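Please open the structure in your viewer and follow the stops below in order. Each stop says what to select and what is to be found there.

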Amino acid sequence: MSKVAREDLWKDIEPLVGKASKPSRYINHEFGATYKPDATYRAVLIYPDTYEIGMANQGLAILYHELNLVDGVSCERAYVPWPDMSDLMREAGVPLYSLEGCAPVASFDLVGITLPHEQCFTNVLEALDLAGIPLHACDRTDDDPIVVGGGPCSYNPEPIAAFFDVFSIGEGEEALPEFAQMHRRMRDEGATREQILREAAHLEGFYVPSLYRLSNGAGGAVEPRFDDVPACVVKRVVRDFEATTPLSQKIVPYAEMTHDRYAVEVLRGCARGCRFCQAGMVYRPVRERSADQVVGAVVQGLLCSGYDEVSLTSLSTTDHSQLPQILRRLNQRLEGSGTSVSIPSQRVDAFGIEMAQLVAGEKKAGLTLAPEAGTQRMRDVINKGVDEADLMNAVTAGVDAGWRNIKLYFMLGLPFETDDDLRGISQLVERVAAAARSVLPPAQHNSIHISVSCSVFVPKPDTPFQWCGQVNREEVERRQRVLRESMPRKGVKFSWHGADSSFIEAAMARGDRTLSAVIEEAWRSGQRFDAWTENFSFDRWLHAADAVGIDLSRFANADLPVGEPLPWGHISCGVSERFLMREWQRARDAQTTPDCTFTTCTGCGVCQRLSVDNDVKGVRRG
Amino acid sequence: MADEARFRLRIRYAKLGRLRFLSHLEIMRTVMRIVRRAGLPYAISQGFSPHMKAAFSAALPVGCCGLDEYLDVQLTEYIDPGEAFRALVAAAPESLPVLACAYIGFEVPALTAGYPVMTYRCLMDPGACDDGVARVQGALASLLAQGSVTVVRKGKEKSILLSEKIVGTPHVVAYADVEEDGSGAPADPSLVWLSFAALVTESGSLRADVFANAVAAQADPALSVRWLTHVATFERYSTEDECGKGRPL
C-alpha cells in the first residue's frame with residue numbers, strides 16, 4: 001500500500017517529451033525491456049544521471065535482470081531527466097516516472113539508486129525530489145518506498161547516508177533479491193518501516209544508517225545504536241561468478257549511447273594492488289569467466305541485441321588468463337560478419353605484439369594505456385607494476401598493428417611526488433612519441449596522435465592512500481602548470497581535470513555525516529549534473545559549505561592519523577586495515593607488491609574474511 | 001571475407017506512436033539491429049569501415065509517424081521470404097513493426113530515387129470556433145495562394161516554391177472520414193485532417209512538418225499541428241485521379 005497510486009503517466013509525459021532535447025531518453029518501450037504488470041512487489045532502479053549514461057551501467061543491468069527473475073517481483077528503470085525536461089515536469093506536475101510502465105517512482109516498494117561516483121550526489125537529491133519522496137530518510141513514512149543505495153560510493157556512504165534507508169554493500173545480484181523477498185514478506189505481514197529496516201540490518205551486507213550514530217570524539221566515525229546491529233557491515237560477494245549469466249544486458253536503447261555495443265563482463269576483481277585504486281581493493285577476489293563462456297556469450301549477445309560491436313569488460317581485461325585464446329576464437333567466429341570486439345583499455349605490461357594483433361580489429365577508439373606516473377620511482381610508489389620497457393613495447397606493437405591514436409592517462413598529486421616526477425611525465429610522453437614514430441617511415445610521422453590526460457589524485461577509502469590528504473588546490477594548479485610547461489607540443493594533445501571538481505570529489509570521498517547538509521544546500525542552490533563540466537559550479541559548492549559552516553578542506557586535504565577510527569570504518573570490503581597500513585609503508589619505501597593471481601598470497605585478507613578464493617581459469621603470466 | 005551480395009530484400013516497416021520522437025538516424029540504427037537480430041545473412045561493404053549494405057527510404061522529420069517505410073538490404077544467401085518475415089517480426093519492438101518483405105531484382109530502382117512521392121496526413125487543431133474545417137481550409141488556401149514557404153538554411157533565408165515540392169492538391173478531410181491507422185493519433189473529433197503529397201527531389205524536399213506548420217501559421221490565431229503521419233510512398237502521382245501510383249512493394 002502506498003499513498004502514491006500506481007498509474008500510467010504517459011499521456012501527461014508525452015506532451016513534454018516533444019519539447020525536450022533528445023526525446024529518445026524518455027520514451028521507453030525499448031526492445032528487450034521487461035515489463036511485469038502483474039507483479040505484487042515492484043522495484044525501480046535509478047542511475048543518477050541521464051538515460052544514455054545510465055544505460056551503459058552494467059551493475060544495474062545485472063540487478064534488473066536478477067530482480068525480474070524473481071516470481072512476482074518486477075524491476076523497472078528510471079534516470080534523471082535533463083534540466084530542460086525536469087523543469088517541464090515540475091511545471092506540469094509530472095513526477096519522476098519509471099520507463100517500462102510510466103509509473104510514479106514514489107509508487108514503488110523499492111527504489112534503488114546506484115552511486116557510481118561522488119559527483120552524482122546532487123542528482124540523487126534531484127531524483128528524490130522529482131519523485132516526491134522526502135529527501136531525509138527520517139521523514140519517510142510507511143507509505144514511502146524504501147530507498148536503497150549501492151555501488152562504489154557505498155563503501156563510504158556517510159556523506160549521503162541521511163538520504164538513504166539502506167545501503168547494499170558489495171555485489172547485489174544475490175543480495176537485492178533477498179532483500180526484496182524479505183521486504184515483500186514483512187510488508188504483507190503489515191510490518192512498519194522501522195521493523196523492516198531493523199530486519200534489513202540483520203541481512204548480510206546491508207547497512208542501515210539510522211541504526212548508527214556518530215561516535216563521540218572519533219572524527220566522524222560511526223557506531224551502532226543497538227546490540228543486534230553489526231559494528232561492521234561486510235560486503236556481499238558472489239562466490240560462483242561463472243554461475244551468473246554473462247548475458248545480463250537485455251535492453252537495446254533507441255538513443256545513441258556513449259558506447260553502442262554489447263558488453264560482456266569477462267572477469268571481476270583485480271589483484272594488481274595499485275595503491276590509489278579503490279576498485280582494485282573492493283572488487284576482490286579475482287574471478288574469471290571461462291573462454292567457452294565468454295565466446296558463447298559474445299556470439300549469443302550479438303544475435304540477441306543486434307549490435308555490431310562487443311566489448312569485453314572488466315577492471316583489467318588484458319589480465320584475463322585466457323584472453324589470447326578468447327580473442328583468437330572470436331576473430332575466427334566473427335570474421336566477415338561485420339562485427340568487432342573491443343577491450344576498454346589495455347594493461348601496459350600485458351599488451352605485447354600478440355595482443356596487439358589479436359585486438360587489431362578495433363582501432364577506432366585509440367590505444368589506451370595508463371602509466372599513471374612518469375618516473376619508475378613513482379610507479380613503484382603507487383604499485384603500478386609497469387616499467388618503461390613494457391610501455392614502449394606496447395606502443396611499438398600497437399603502432400605496428402595499425403594504431404595511430406594513443407591515449408595516455410596520468411595522475412598528479414600522488415603521495416611523495418616531486419616536480420621531477422611531473423617533468424618525468426612529459427619526458428615519458430616525449431619518449432613514447434619517439435618510439436611510436438620510430439616504427440613508421442618519416443613521411444608518416446605526422447599520423448601519430450598522442451592525447452595525454454592528467455587527472456588529480458583523489459584519495460579514496462579502502463586504499464593504502466586513504467589516510468592521505470589531497471594536495472591543496474593552489475598546489476595542484478602549480479603542478480598542472482609545471483606539467484603544461486614541460487609537455488611536448490608536436491603531435492601531442494594535453495588535457496587535465498579541473499582542480500576544483502577534484503577537490504569536491506575528495507571532500508565527498510573521505511567525508512562524514514556532517515557533509516549531507518552541504519550536499520543538500522548545494523542542490524537547493526541549483527546544483528545538479530555535477531559530473532558534466534558545463535554544470536559544475538565550484539562557487540555554489542563553496543557557498544553551500546559556507547552556509548552550513550563547514551570547511552571542505554578539512555575532509556579533502558587533511559591527513560588522517562593512521563590507526564584512528566575512520567568515518568567508513570564500519571563498512572568493510574574484506575581487505576584488512578593492517579594490509580592497507582603495510583601497503584602505505586611500502587609506498588613510502590617505493591617497494592612494490594606483486595599480484596596474487598600471478599604469484600602467491602600477499603595477505604590482503606579478503607579470501608580469509610569472506611571465505612572465498614581467486615578463480616582464475618588459466619595461468620596468468622607476469 | 002565479405003561474400004558477393006546476391007539477393008536484395010526489400011522490407012516494409014512502420015514507425016508508430018511514441019517512436020515518432022526518434023530521429024531518422026536512430027530509426028536506421030534500430031532497423032539495422034532488427035535485421036541482425038533476425039539473423040539474416042546480410043552483405044557487408046568492403047574497406048576500412050565495414051558496414052551492412054542497406055539503403056533506406058526518405059527520412060521522416062522528428063515527430064512524424066510513418067506507415068509505409070522501407071529498407072533494402074543485400075543478403076549473401078537466399079532465405080525463404082516467409083521465414084525471413086517471421087524472424088524480422090520477432091526481432092522488432094512493438095512500435096516499429098515489420099509489415100512485409102520480398103525479394104526484388106537489382107534492376108528495380110533504389111528507394112529514394114525510384115519512389116519520390118510521399119503522401120502525408122496531419123491533424124490540425126482549429127481552436128475554439130464554429131467551423132473548424134473552414135478555418136483549416138482557409139489557412140490552406142492562403143498558403144497555396146502565397147505559393148511558397150520560407151525556410152532558414154545555413155543561416156540564410158530560402159524560399160521554396162510549393163509548385164516544385166508539392167504534388168496534387170492538398171486538401172482538408174473531416175475527422176470522421178479517416179480510419180484509425182494505428183499510428184496513435186489523438187482521438188478528438190474536433191480536430192481536422194489535412195492531406196498532402198510532397199516530392200523528394202535531388203535538390204532537397206520540403207519537410208512535411210515545415211509545410212504543416214506553414215499552413216498552421218496562416219490562420220489568426222494560428223492553428224496547432226497535433227499529429228503528423230507519413231501515409232504512403234509512391235513512384236509517381238496521378239493528378240487525374242488525385243492519387244499516387246506504384247508502390248515499392
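Begin with both chains in view. The count between chain B and chain A is 4 salt bridges, and the model from which this count comes is a predicted one.

**Stop 1: the interface between the chains**

Select the residues of each chain that touch the other: 21 residues of chain B are in contact with 27 residues of chain A. Together the two chains bury about 2,100 Å², with 55% of that area on carbon and sulfur atoms. Now highlight R18(B), F21(B) and R37(B), the residues of chain B that lose the most area to chain A; together they account for 34% of what that side buries.

Next, colour helix 1 (24-37) and helix 2 (81-91) of chain B, the elements that give two or more residues to the side of chain B that touches chain A. Helix 1 of chain B gives the most to that side, with 6 residues. Coloured by class, the side of chain B that touches chain A shows 11 nonpolar, 3 polar and 7 charged residues.

**Stop 2: two crossing helices in chain B**

Select helix 4 (residues 132-146) and helix 6 (residues 208-218) of chain B. Their axes come within 7 Å and cross at roughly 110°. Helix 4 and helix 6 of chain B are therefore roughly perpendicular to each other.

Which residues of the two helices meet? On helix 4 of chain B, show A139(B), L140(B), S142(B), L143(B) and Q146(B); on helix 6 of chain B, show F211(B), A214(B), V215(B) and Q218(B). This contact between helix 4 and helix 6 of chain B comprises 6 nonpolar and 3 polar residues, with no charged ones.

**Stop 3: backbone exceptions**

Most peptide bonds are trans, and most residues other than glycine have a negative phi. The next selections depart from these patterns.

Continue from helix 6 of chain B into the loop between that helix and strand 10 (224-234), where P221(B) is found. The peptide bond from D220(B) to P221(B) is cis, with omega near 0°.

Then move to chain A and select R284(A) and P285(A), which are joined by a cis peptide bond with omega of about 5°. P285(A) is placed in the loop between helix 8 (278-282) and strand 12 (287-288) of chain A.

Finally, select N28(A), in the loop between helix 1 (10-17) and strand 1 (41-47) of chain A. N28(A) is not a glycine, yet it has a positive phi of about 55°.

**Stop 4: a salt bridge within chain A**

Over all chains, the count comes to 54 salt bridges. For one of them, select R77(A) and E100(A), whose side chains meet at 2.7 Å, N to O. The pair links distant parts of the chain, 23 residues apart: R77(A) is in strand 2 (residues 73-79) of chain A, and E100(A) is in the loop between helix 4 (83-92) and strand 3 (110-114) of chain A.

Terms used. Residues are numbered from 1 along each chain as its sequence is written. Chains are lettered from A and ligands numbered from 1 in the order in which they are written. This is a predicted model: local features need pLDDT of at least 70, side-chain atom pairs count only at pLDDT 80 or more; totals for chains, interfaces and linings use all residues. Side-chain values use heavy atoms; hydrogens and water are left out. Contact means heavy atoms within 4.5 Å. Buried area is the accessible area (1.4 Å probe) that two parts lose on being put together, summed over both. Helices (H or I, at least four residues) and strands (E, at least two) are DSSP runs, numbered from the N terminus. Ala, Val, Leu, Ile, Met, Phe, Trp, Tyr, Cys and Pro count as nonpolar, Asp, Glu, Lys and Arg as charged, and the others, Gly among them, as polar. Axes are lines fitted to C-alpha atoms, for helices over the stretch in contact, and angles run from 0 to 180 degrees between N-to-C directions. Angles under 35 degrees count as roughly parallel, over 145 as roughly antiparallel, 65 to 115 as roughly perpendicular and the rest as oblique.
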